[in-house]
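Please look over the protein shown below; a set of questions and answers about its fold follows.

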Amino acid sequence: MVKFLHFLKTNAYFINKHTSSLAFTLSLVHSKSFNTSRNMFRSTVFNLHEGSKDQVQEFLNSFDTVLTDCDGVLWIDNNAIPGSADAMNYFRKIGKKIFYVTNNSTKIRSDFAAKAQQLGFIASQDEILSTAYLAAHYLKGIGFTKKVYLVGSNGIGEELKAVGIRHTGIGPDHVKPDFKSMKPSDLDPEVGAVVVGFDEHVSYPKFMKAASYLASEECLFIATNTDERFPKGGSIVVPGTGTIVRAVETCSERKALVLGKPHAYVRKFLESCGLDPARTLMIGDRCNTDIELGVRCGFQTLLVLSGVTSPKDLEKIRNEKKPPLPDVVLPKLGDLMSLLPS
């Protein structure tokens, strides 16, 4: 209270500029209350279902920009998660700025936008930030002019092509009986970078070529992301890009520059968009990518349990209190709609 009175005294001129000193004082109290409420969820793993209507409204008022992961948050494979489109479109309706931030490198941005639209989301290409786009953006930004050996899919290839960067390696490279007899002449001398993303055609010859190119210290080594697995219902595990990246790192004895969540490059890219970190919400289904990105950037965070993180995982997160911890939690994003103040 003493500090507050001192503030009023030392800022008397500014206060007098207001039409009513009482109104000003009340505005200060309201602002203080708002900031406290906004921060009250910080890393508390708070179940938003347990919040009051006022707390939910305060939460909605506390951010201007929404960054959301896609796989496991908005959809799984080609099926929208119930209510997710309604929630995202509601954010847009009440004036929030939207970005879809995905580590999935298999599609170009226009394809992601088209998929989102088909599943009921309002989305444009300019709102999509994918790791395929980040890879092309990074190489173009450093003035790369050589060829890329790509252990990845058409999504990265098309994004590279869009910025004028040549590439090779997409598609099957089958194992031959004499696969160990690969010669230096089998390598493309124009290759100056190896980019690793998700590759459904990954094979031993591809590992051999990637490692052989990377034997040169001048060859760049870039990875889109290191996600361990894809979100998938049931007992089937679908290994993610991280599986492939780790294999190439092992056989090349080098570490990749990882561009996707939660690493530095995507953080710098988002910062260049002029976001106010304190008023930005990151939504995701993984603590080690989505929530980690949010924590590193100073964003608010919302973890959903519709993808990789299960209710059992959440219980472990709460018990161990091991960072990064999400601010708030929902079983799925669409649940937000039932919590909206009437």
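Helices (H or I, at least four residues) and strands (E, at least two) are DSSP runs, numbered from the N terminus. This is a predicted model, in which local features need pLDDT of at least 70 and side-chain atom pairs count only at pLDDT 80 or more, while totals for chains, interfaces and linings use all residues. Residues are numbered from 1 along each chain as its sequence is written, and side-chain values use heavy atoms, with hydrogens and water left out.

Q: In which strand is M282 found, and is M282 buried or exposed?
A: M282 is found in strand β14, which covers residues 280–284. Buried means under 20% relative accessible area, exposed over 50% and partly exposed in between (1.4 Å probe, protein chains only). With a relative accessible area of 0%, M282 is therefore buried.

Q: Leaving aside neighbours within four places in sequence, with which residues is M282 in contact?
A: Contact means heavy atoms within 4.5 Å. Once its neighbours within four places in sequence are left aside, M282 is in contact with L67, T68, D69, K261, D290, L293, G294, F299, Q300, T301 and L302.

Q: Where is the place of D227, and is D227 buried or exposed?
A: The place of D227 is in the loop between β10 and β11, the latter being residues 229–230. Leaving aside neighbours within four places in sequence, D227 is in contact with N103, G240, T241, G242, T243, R286 and T289. Because its relative accessible area is 13%, D227 is buried.

Q: How many bridges join strand β9 to strand β10?
A: Strand β9 (residues 191–196) and strand β10 (residues 220–223) run parallel. The number of bridges that join β9 to β10 is four.

Q: Why are α9 and α10 described as oblique to each other?
A: Angles under 35 degrees count as roughly parallel, over 145 as roughly antiparallel, 65 to 115 as roughly perpendicular and the rest as oblique. Helix α9 (residues 204–214) and helix α10 (residues 241–252) pack with their axes 9 Å apart and at an angle of about 50°. The two helices are therefore oblique.

Q: How do the residues of the contact of α9 with α10 divide into nonpolar, polar and charged?
A: The contact is made by F207, A210, A211 and L214 of α9 together with I244, A247, V248, C251 and S252 of α10. Ala, Val, Leu, Ile, Met, Phe, Trp, Tyr, Cys and Pro count as nonpolar, Asp, Glu, Lys and Arg as charged, and the others, Gly among them, as polar. The residues divide into eight nonpolar, one polar and no charged.

Note on methods:
Two strands pair if DSSP finds at least two bridges between them. Axes are lines fitted to C-alpha atoms, for helices over the stretch in contact, and angles run from 0 to 180 degrees between N-to-C directions.
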